[in-house]
Every structure is written in structure tokens, then in C-alpha cells.
Amino acid sequence: MRPARRKEPRPPVDAVHDGAVERGAETADEKVAREGIKDAVRAIAGGAKTSDFAPTDASPTTPAEPAEETPTESQAVIGKPEEKVKDEVEIQLDLLKDKDWFRRKDAAITLGEMGDERAIPALITALRDSEWNVREAAQGSLAQIGSPAVEPLIKALREYQVRTFVIEILGKIKDERVLDPLMAQLRNEEFKDAATKALVEVGLPAVERLMAVINDKDKNVRKHAVIALGEIGIPEAVEPLIEATKDEDWSVRIAAIAGLDSIGDERGKPAIKALVKDTDFAVQMRAERIIWAWKKKAKEEAGDETEETAGTA
């Protein structure tokens, strides 16, 4: 049999950790931990439960990261790009492209009433619309906008499809910038009639330019200048029209006597009577019809005077 081992006496509790001093100096934290262990050992020896010595304060942990903030409704709205709100002009410009021609027409009229320059390009485009109602509305609106539309309209004259419409619009705008392009159209065989009407619409501002071409080399320019002067009908045009009754071209002479008759100035009557003997039969007939109309009017006026005299007797 093996000899029984001799049990060594257990060292005191305090001696369990005293050897730590021999290994080196304790830190303050180590000392606190050692003292705590000593207290626990003594308590266990006295019958205490180990659960009674759970640390009251949890060991320091890494601080929790703050929860991601959910943006509030107001913050979300601020973060979004602000949507542009269309004004009334932009709304009408959109309607000018509508499939319904009635809406396009109504939009064209409304844009003219607004008079906003932003509408000019779209209204010029509307001059090409398939519906005449829309084209007519666009014409009226461009004329209503007036002077701001002159330069874009002059550029649009280059386009054959809308040239007649543009000429008519320019005639309704009382702006001297329309004169040169309209005068230029008097030399265009296809558009000279529209240009003549437009110059008559312009009125007094066009008179000086028309007088300047009354002796032009082109007989069509002379003729249409004479027609326009007669329809504008100012007394200052009488003398130039009397000179035009002597023009070498018969169509110019007819236009001159028609203009003189329209103005009704007594100075023009001798020139009209002289053309009863004109070398061209068409000119003779026109002069005779004018003189006959004078005589008829004189008889009617004389008859009215006789009736009035008889009524008072």
C-alpha cells in the first residue's frame, strides 16, 4: 500500500494574492479587483451564494450608435426640387398644340388678349395650322400684340406658305419697320395685291414711300402705288395722281383716275375728263363712267333740293 499523502494546510486567503506583489507593483485596478476577490472568498466560506456577488454595474461597453433619423415630411419636401408651376401664358401655349382645333383657336385668341411676347413664335407657327379658324385667330392675335411681333414676322416673310398671312398682319401694325418689307412685295407678282392692301391699312405712314415710287421703272410698282394712294385718299396725293394720268401704261392711267375719283377733290376732275379722249379704249370707258356717275349724282341732289323747296312752299 502506498503511504497516505500528507495534506498541506490551506494558506490564508490573504496569502493567495500576496504573491502578486513579488512579481511587481500592482496597478490601482488590479488592487481593487484583488480586494473584491478576497471579500467574495470570505463570504462563500460563510455560506453566501455566488449569485449575490454579480457586479451591480455592467462593465463599460461600446456606446450604441445613434439610430438613423427618419426625415420628417417637411424635411422630405425641402429636399425635393421644387416643381415649376406653369403660368397662364404657358398653359395657353400648351393648348395651342391641342388636338381639338376649337381649343387651339381659343388659345390663340386668349394669347392675343394677353399680349405676352412669349406667344409670338407659337402664334407664327399657328399660321400653318390645318384649320383656317386657328390661322385666322393667330393672325388677329399677332396684330394685337403689335410692334414686338414685327421683327419675327419680317423673318417669317421668307416662308412661302405663310407669306400672305404675314403681309396682312404687318399691314395692321402701325410701325414704320413694316414699310420696307411691304414695299418690296410690290415687286412680287404673286404677292403685290396683298402688299397693296397692307400698305393701305398702314395708311399715312406709307404715303411718302408710295409717292417715291410713283415713277418707278416697274409699271406694276407704279400701278399699285397709285392704287394705294387713291385708297388712302389724302388730299396730298391729288397732284401725284394727276401726274399719273399721263403715265405711258394704260393700267396706271386707269388706276390714277379711279384714285382721283375716290378722293373727290375738284382738282382731279379736269384730268379725268381729259382721258375721255385717251388712246386706250379701256381708259376712255373708265373716264366716261366716272363722268356719268357725277352727272347722275348731281341730278339726284338737284331733285332732292326741288322736293325740299316744294315742301316748304
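Colleague: Where is Asn220 placed in this predicted model?

Modeller: Asn220 is in helix 14, which covers residues 219-232.

Colleague: Is Asn220 buried, exposed or partly exposed, and how do I read that?

Modeller: The reading rests on relative accessible area: under 20% is buried, over 50% is exposed, and anything in between is partly exposed. Asn220 has 22% relative accessibility, so this residue counts as partly exposed.

Colleague: Which residues does Asn220 contact, beyond its neighbours within four places in sequence?

Modeller: Asn220 is in contact with Glu189 and Lys192 when those neighbours are left aside. With Glu189 there is also a polar contact, side chain to side chain, at 3.5 Å. A further distance places the residue in the fold: Asn220 and Asp249 are 29 residues apart in sequence, and their C-alpha atoms lie 9.5 Å apart in space.

Colleague: How many helices and strands does the protein have?

Modeller: There are 18 helices and zero strands. Of the 313 residues, 34% are buried. Among contacts with a separation of 6 or more, 56% are between residues 24 or more positions apart.

Colleague: What should I expect of nonpolar side chains in general?

Modeller: In soluble globular proteins, nonpolar side chains tend to be buried together. Here, the largest nonpolar core has 70 residues. Leu123, Leu142, Leu153 and Leu210 have the most contacts inside this core. Helix 16, residues 250-263, gives the most to the core, with seven residues.

Colleague: What does Leu123 touch, not counting residues up to four places away in sequence?

Modeller: Leu123 touches Leu96, Ala108, Leu111, Ala138, Ser141, Leu142 and Ile145. Leu142, one of these partners, is itself among the residues with the most contacts inside the core.

Colleague: Turning to helix 16, is Ile257 buried or exposed?

Modeller: Ile257 is in helix 16. Its relative accessibility is 0%, so Ile257 counts as buried. Leaving aside neighbours within four places in sequence, Ile257 is in contact with Thr245, Ile272, Leu275, Val283, Arg286, Ala287 and Ile290. Thr245 is twelve residues from Ile257 in sequence, with a C-alpha to C-alpha distance of 6.5 Å.

Colleague: Where is Asp129, and is this residue buried or exposed?

Modeller: Asp129 is in the loop between helix 7 (120-126) and helix 8 (132-145). Asp129 has a relative accessible area of 14%, so the residue is buried.

Colleague: What does the side chain of Asp129 reach?

Modeller: The side chain of Asp129 reaches the backbone nitrogen of Glu131 at 2.8 Å. Apart from neighbours within four places in sequence, Asp129 is in contact with Arg104, Val134 and Arg135.

Colleague: Which helix gives the most to the lining of the largest pocket?

Modeller: Helix 18 does, with six residues. Helix 16, helix 17 (269-274) and helix 18 (281-312) each supply at least two residues of the lining. By type, the lining divides into six nonpolar, two polar and five charged residues.

Colleague: Where is Glu266, and is this residue buried or exposed?

Modeller: Glu266 is in the loop between helix 16 and helix 17. At 53% relative accessibility it passes the cut-off of over 50%, so Glu266 counts as exposed. The side chain of Glu266 makes a polar contact with the side chain of Lys269, at 3.1 Å. Lys269 is also one of the lining residues closest to the centre of the largest pocket. Glu266 and Val238 are 28 residues apart along the chain, with their C-alpha atoms separated by 9.6 Å.

Terms used. Residues numbered from 1 in each chain as written. Predicted model: local features only at pLDDT ≥ 70, side-chain atom pairs only at ≥ 80, totals over all residues. Heavy atoms only, no water. Core = buried A, V, L, I, M, F, W, Y, C linked by side-chain atoms within 4.5 Å. Buried < 20%, exposed > 50% of the residue type's maximum accessible area, 1.4 Å probe, protein only. Helix = DSSP H or I, 4+ residues; strand = E, 2+ residues; numbered from the N terminus. Contact = heavy atoms within 4.5 Å. Polar contact = N/O pair within 3.5 Å; in protein donor to acceptor, adjacent residues only side chain to side chain. 1 Å grid on protein atoms, 1.4 Å probe; cavity = no way out; pocket = protein on both sides within 12 Å on 5 of 7 lines; lining within 4 Å. Nonpolar A, V, L, I, M, F, W, Y, C, P; charged D, E, K, R; others polar.
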